[in-house]
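These are my notebook entries on one model, written down in the order in which I looked things up. I began with the charged pairs and then went on to the helices and the chain as a whole.

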Amino acid sequence: MKKIPMLLLLAAPYVFIAVCVKKGMGGYVLLAWAFLCVLIYLPNMVYAFILPRLGYEGEQLLFWSLLLKLANIPVYALVILLVLLLHIFILPMAPFLVLFDYSLLLPSSMYGVSGILACSAKGKLSRKEMTVLLIMQLMFCLDVVSAVYCYFKVRKI
């Protein structure tokens, strides 16, 4: 039961892309995105900080952070491909693409932040590591590096 929100978060961007492909890039896009944000993304951001109270260890949170970030790489690659193919015609959609990218980044980063804080509290990460990794969790590309580093560093101990 505890994994259902994370599994929904894994599937959400792909469902969104399927809706966009099926319905076209019309008014449904913003409605579908808003639906995902309110029902899946925002609750998952809160849930990441509730899980330690429900018995989840920092290592488990870091695993889910890593899994979510790796699962989102094809979505980011698709967005980049779309921008490269449509070049100048995509400019009006730039604000939406930025919001879309950050709406993917933040929920998975919250699992990383929660895991980093939990592992740091147990002494598995130093204060300096924690600070750098928390900052990296909020930056594109570096968030994946941070997730991989955190998971493998904490898993070894």
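How many salt bridges does the structure hold? I found 4 salt bridges, taking the term to mean a side-chain nitrogen of Lys or Arg within 4 Å of a carboxyl oxygen of Asp or Glu.

Ground rules, noted before going further. This is a predicted model, in which local features need pLDDT of at least 70 and side-chain atom pairs count only at pLDDT 80 or more, while totals for chains, interfaces and linings use all residues. Residues are numbered from 1 along each chain as its sequence is written, and side-chain values use heavy atoms, with hydrogens and water left out.

**Entry: lysine 122 and glutamate 57**

I looked up the side chains of lysine 122 and glutamate 57, which meet in a salt bridge at 2.1 Å, N to O. This pair links distant parts of the chain, with lysine 122 in the loop between α4 and α5 (127-136) and glutamate 57 in the loop between α2 (28-50) and α3, 65 residues apart. The helices named here are DSSP runs (H or I, at least four residues; strands would be E, at least two), numbered from the N terminus. Glutamate 57 counts as partly exposed because its relative accessibility is 34%, and the scale I use calls a residue buried under 20% relative accessible area, exposed over 50% and partly exposed in between, with a 1.4 Å probe and protein chains only.

**Entry: aspartate 143 and lysine 69**

I next checked aspartate 143, which forms a salt bridge with lysine 69, the closest N and O atoms being 3.0 Å apart. Aspartate 143 lies in helix α6 (residues 142-156) and lysine 69 in helix α3, so the pair ties together parts that are 74 residues apart in sequence. Are aspartate 143 and lysine 69 buried or exposed? I noted both of them as buried, and lysine 69 counts as such because its relative accessibility is 3%. Leaving aside neighbours within four places in sequence, I listed the contacts of lysine 69 (heavy atoms within 4.5 Å) as Leu105, Ser108, Ser109, Gln137, Asp143, Val144 and Ala147.

**Entry: lysine 153 and glutamate 129**

The side chains of lysine 153 and glutamate 129 also meet in a salt bridge, at 3.5 Å, N to O. Lysine 153 lies in helix α6 and glutamate 129 in helix α5, so this pair ties together parts that are 24 residues apart in sequence. I found lysine 153 partly exposed, with a relative accessible area of 27%, whereas glutamate 129 counts as buried at 18% relative accessibility. Not counting residues up to four places away in sequence, glutamate 129 touches Tyr149 and Lys153.

**Entry: helix α3**

Asparagine 72 lies in helix α3 and counts as buried at 5% relative accessibility. Beyond neighbours within four places in sequence, asparagine 72 is in contact with Pro13, Tyr14, Leu104 and Ser108. Just after α3, histidine 87 takes a positive phi of about 40 degrees.

**Entry: helix α4**

I followed helix α4 (residues 94-121) over its 28 residues and found that it reaches 39 Å from its first C-alpha to its last, close to the 40 Å expected at 1.5 Å a residue. This helix is mostly covered, with 20 of its 28 residues buried. Glycine 123 follows α4 and has a positive phi, near 85 degrees.

**Entry: the whole chain**

The secondary structure comes to 6 helices and 0 strands. The radius of gyration of the chain is 16 Å, close to the 15 Å that the globule rule gives for 157 residues, so the chain is as compact as a globular protein of that length; the radius is taken over C-alpha atoms, and the rule is 2.2 Å times the number of residues to the power 0.38. I noted that buried residues make up 43% of the 157 residues.

Methods
The expected span of a helix is 1.5 Å times one less than its number of residues.
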